[in-house]
Amino acid sequence: MHFVKAHACGNDFLILEETVAQRNHASFAKKFCARNTSIGADGIEFLERRPDGTLFLRLFNADGSEAELSGNGTRCVAAWLAHSEGITEVALGTHGGIRTCRVISSDGPRFEIESGMGTPRVMPRAIVIEGVGTIEGAMVNVGNPHYVLFVDTPDFSSHGLTWQQLGAKISVSPLFPHGTNVEFVHVNSPAEIAFRIYERGCGPTTSSGTGTCASSAAAIALRGAARELTAIAEGGPQRAAWPANDQPMMLTGPAEIICIGEALL
């Protein structure tokens with residue numbers, strides 16, 4: 001099996017041609033994303049090249065579950081297409097909608113890419129988590145589901161729990177029948193936020209493109225943050241720009257090709 005591995009701010013993905021999957025997407029993801037016994041990744045992006053020339057992505061998380069899309073994963077695929085085929089602007093279909101990617105700059109295997117991420121929907125919502133209590137936050141949809149809460153603690157802890165512990169509880173809460181990604185956001189200034197991500201189907205990750213958009217949209221809509229801001233995750237910063245609530249958000253960040261190889265089936 002031929003594969004490509006890439007990462008965006010440490011959020012890593014394998015890229016496989018859809019023709020390789022043979023309807024084994026989930027088992028491939030669980031097998032090849034295992035970090036100690038296989039290649040290792042947060043998920044697999046399966047790239048389908050359709051007869052009409054369009055491109056479509058299916059994302060499977062490390063646990064074998066399918067997600068609507070990944071902003072970082074989509075950007076990694078765009079970087080691979082730029083590296084391998086010289087494509088510098090591409091529209092990629094996903095179950096969360098079409099995402100357009102444009103290469104801004106490149107340096108060897110590293111690319112800076114601007115992506116159109118659709119129009120976020122921010123809905124303030126208090127939730128009750130068993131054993132924790134009431135949590136104030138917001139449901140945010142950016143093509144996939146997120147729950148965003150704001151914290152004042154330097155370690156992003158909340159309600160007496162670490163962000164990893166609380167994120168695990170919220171992510172699988174019955175309040176979210178299909179699960180949810182969870183972001184813990186600290187507003188550093190109107191032009192900068194810091195956040196942590198507990199990703200549905202994967203757990204804590206160093207970065208997330210849709211998580212960056214959800215966190216930024218919530219900070220803009222509910223905390224008066226600037227329409228253009230820097231969002232800093234553990235894996236590094238990305239830039240989000242949201243001109244108006246009824247307009248698409250643009251996300252700019254890096255993607256880097258790590259390796260090209262073969263794995264035994």
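Me: At the start of α5, which backbone nitrogen does a side-chain oxygen of S208 reach to?

Reply: That would be the backbone nitrogen of G211, and the S208 oxygen comes to within 2.8 Å of it. Keep in mind that this is a predicted model.

Me: Thanks! What about the other end, which residue just after α5 takes a positive phi?

Reply: G224 does, with a phi of about 70 degrees.

Me: And how far apart are the end C-alpha atoms of α5?

Reply: They are 20 Å apart. Helix α5 has 15 residues, 209-223, and at 1.5 Å a residue these should span 21 Å, so the two values agree.

Me: How many of the residues of α5 are buried?

Reply: 12 of the 15 are, so α5 is largely enclosed by the rest of the structure. Among the buried ones are G209, T212, C213 and I220.

Me: Let's switch to α3. How many of its residues are buried?

Reply: For α3 the count is 12 of 15, so the rest of the structure largely encloses this helix. The buried residues include G71, R75, W80 and L81.

Me: What happens at the start of α3?

Reply: A side-chain oxygen of S70 reaches to within 3.4 Å of the backbone nitrogen of N72. Just after the helix, G86 takes a positive phi of about 75 degrees.

Me: And what span should α3 have?

Reply: Its 15 residues should span 21 Å at 1.5 Å a residue. The end C-alpha atoms of α3 are 21 Å apart, which agrees.

Me: Okay, on to the inside. Which residues touch the most other members of the largest nonpolar core?

Reply: L92 and I113 do, in a core of 25 residues. Elements that give two or more residues to this core include α3 (71-85), β6 (89-93) and β8 (110-116). The one that gives the most is α3, with seven residues.

Me: Which residues is L92 in contact with, leaving aside neighbours within four places in sequence?

Reply: Its contacts include L55, L57, V77, A78 and L81, and also R99 and C101.

Me: Where does a second core come in?

Reply: There is a separate core of 24 residues, which includes M117, I197, I220 and M249.

Me: Now T180. Where is it, and is it buried or exposed?

Reply: T180 sits in the loop between α4 and β12. Its relative accessibility is 0%, so it counts as buried; the cut-off for that is under 20%.

Me: Which backbone nitrogen lies 3.4 Å from a polar atom of its side chain?

Reply: The backbone nitrogen of Y147 does. Y147 is also one of the residues that T180 touches beyond four places in sequence, along with P145, H146, I170, S171 and R200.

Me: And G179, what does that touch?

Reply: Not counting residues up to four places away in sequence, G179 touches P145, S171 and R200. G179 and P145 are 34 residues apart in sequence, while their C-alpha atoms are 7.9 Å apart in space. G179 lies in the loop between α4 (163-171) and β12 (181-189), and at 15% relative accessibility it counts as buried.

Me: I also clicked on I135. Which strand is that in?

Reply: I135 belongs to β10, residues 133-141. At 0% relative accessibility, I135 counts as buried. The residues it touches beyond four places in sequence include R125, Y147, L166 and I170. I135 and I170 are 35 residues apart in sequence, and 9.7 Å apart from C-alpha to C-alpha.

Me: Let's zoom out. How many helices and strands does the chain have?

Reply: The chain has five helices and 17 strands. Its radius of gyration is 18 Å, close to the 18 Å that the globule rule gives for 265 residues, so the chain is as compact as a globular protein of that length.

Me: Last one! How many of the residues count as buried in the whole chain?

Reply: Of the 265 residues, 53% count as buried. The chain exposes about 11300 Å², and carbon and sulfur atoms supply 51% of that.

Key
Residues numbered from 1 in each chain as written. Predicted model: local features only at pLDDT ≥ 70, side-chain atom pairs only at ≥ 80, totals over all residues. Heavy atoms only, no water. Helix = DSSP H or I, 4+ residues; strand = E, 2+ residues; numbered from the N terminus. Expected span 1.5 Å × (residues − 1). Buried < 20%, exposed > 50% of the residue type's maximum accessible area, 1.4 Å probe, protein only. Polar contact = N/O pair within 3.5 Å; in protein donor to acceptor, adjacent residues only side chain to side chain. Core = buried A, V, L, I, M, F, W, Y, C linked by side-chain atoms within 4.5 Å. Contact = heavy atoms within 4.5 Å. Rg over C-alpha atoms; globule rule 2.2 N^0.38 Å. Areas by Shrake-Rupley, 256 points an atom, 1.4 Å probe, with all protein chains shown as cover.
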